[in-house]
Amino acid sequence: MGTMALAIEGRPDRETAIETIHAALDEGVRYLDTAWSYYLPSRPGTGEPEDLGYGERLVSDALASWDGPRERVLVATKTGYRRTCEAVAAGGNAGASGASGASAVDVSRETPDAKNTAESARQHLQAVGSRYGWMADSRPETMIRDAKESAAHLGVEALDLLYSHGPDPAVPYADQVGALRDLLDAGVIRYAGISRVNREQIDIARGILGDKLIAVQNQFSPSHPDPEHTLEYCEQLGLSFVCWSPLGGFLDPVDQHAYDPFREVAAELGVSHQRVTLAWELAQYPRLFTIPSARNPQEIHDSFAATRLELTPDDLACLNASVAARRQTMAAAL
């Protein structure tokens, strides 16, 4: 289960969020995915001290109040990003950056408190129409400090699994991965993962982390079908592949037509197309994990039911063909 939707804009109240995590755990979820940056800034900038750690503390509190086998739950978190919040313009609307989902901009233009953002010009990703965004900060010293804070938020001596949240154009990728290596050597984390990466970056990470690199977390869904084939590369290397936004996500533009074949199969089976989508993803690779978000127990019940849905060979062939065609089109545009 991904927990971002429980911690950022549009999040439910804390009681509902914990109830949703409990519902997931009771269903059989044994992997919870969070991040240092899963929080909502309460004012323009990157947030107040009391804002930070919301998502990780939520997971910790949910586990502490759950009466199941806590020791069997793997909690993964991520480091290297911050949240940002724009000031509302005089006309009452916050500015937006990006033409199609997100783009890199000068944070100093979007957030007036330069001290709070730490640097005046770091990569800034922001959905069109939203006043909230994401800022990359993967300097090794920042990653190491944030990882120690994550362990404190989660109430553990060592993090089960820590991902680099994504490449930071201002930091050589080998330096980012080197921070993970330092955290492993110091015993702050047990295993490492990387996210939002291509094959070259996977190779860099393998060279530095060795067998402590166990997972790659990339976007994968019918609408975002991994045109660089990193899933297949992970299968070749024996790495787990964790697909974020497995149902398309709510921060990026989603072409709903990509799900038309999944809706057709779902109608025949009498289930939701989201359940069919997740079942199709799980059939791709034995070490593939999906981390659908949910804002209430009903959503996570429907998602987890995908683990019990077996698609026929004909269904899989049809769905594979539709996604392969989309992937080919996307790859040609790269």
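Two rings of Phe, Tyr or Trp (for Trp, its six-membered ring) count as an aromatic pair if their centres lie within 6.5 Å, and the planes are called stacked under 30 degrees apart, edge-to-face over 60 and tilted for the rest. The structure shown is a predicted model, in which local features need pLDDT of at least 70 and side-chain atom pairs count only at pLDDT 80 or more, while totals for chains, interfaces and linings use all residues. Residues are numbered from 1 along each chain as its sequence is written, and side-chain values use heavy atoms, with hydrogens and water left out.

**View A. Aromatic pairs of Trp-36 with Tyr-39 and of Tyr-38 with Trp-134.** A search of the whole structure finds seven aromatic pairs. In the edge-to-face pair of Trp-36 and Tyr-39, the ring centres are 5.8 Å apart and the planes stand at 90°; both residues are buried, a term used for a relative accessible area under 20%, with exposed meaning over 50% and partly exposed in between (1.4 Å probe, protein chains only). Tyr-38 and Trp-134 are also paired edge-to-face, at 6.4 Å centre to centre and 75° between the planes. This second pair links distant parts of the chain, 96 residues apart, since Tyr-38 lies in the loop between strand E1 (31-33) and helix H2 (54-64) and Trp-134 in strand E5 (residues 132-136); helices (H or I, at least four residues) and strands (E, at least two) are DSSP runs numbered from the N terminus. Tyr-38 is buried because its relative accessibility is 6%, and Trp-134 is buried at 12%.

**View B. The aromatic cluster that includes Trp-280.** Phe-220, Phe-241, Tyr-259, Phe-262 and Trp-280 form one aromatic cluster.

**View D. Residues 95-120, with pLDDT under 50.** pLDDT is the predictor's confidence in each residue, from 0 to 100. The protein chain averages 90, and 90% of the residues score at least 70, whereas over residues 95-120 the value stays under 50. Where pLDDT is low, the predicted coordinates should not be read in detail.

Note on methods:
Contact means heavy atoms within 4.5 Å.
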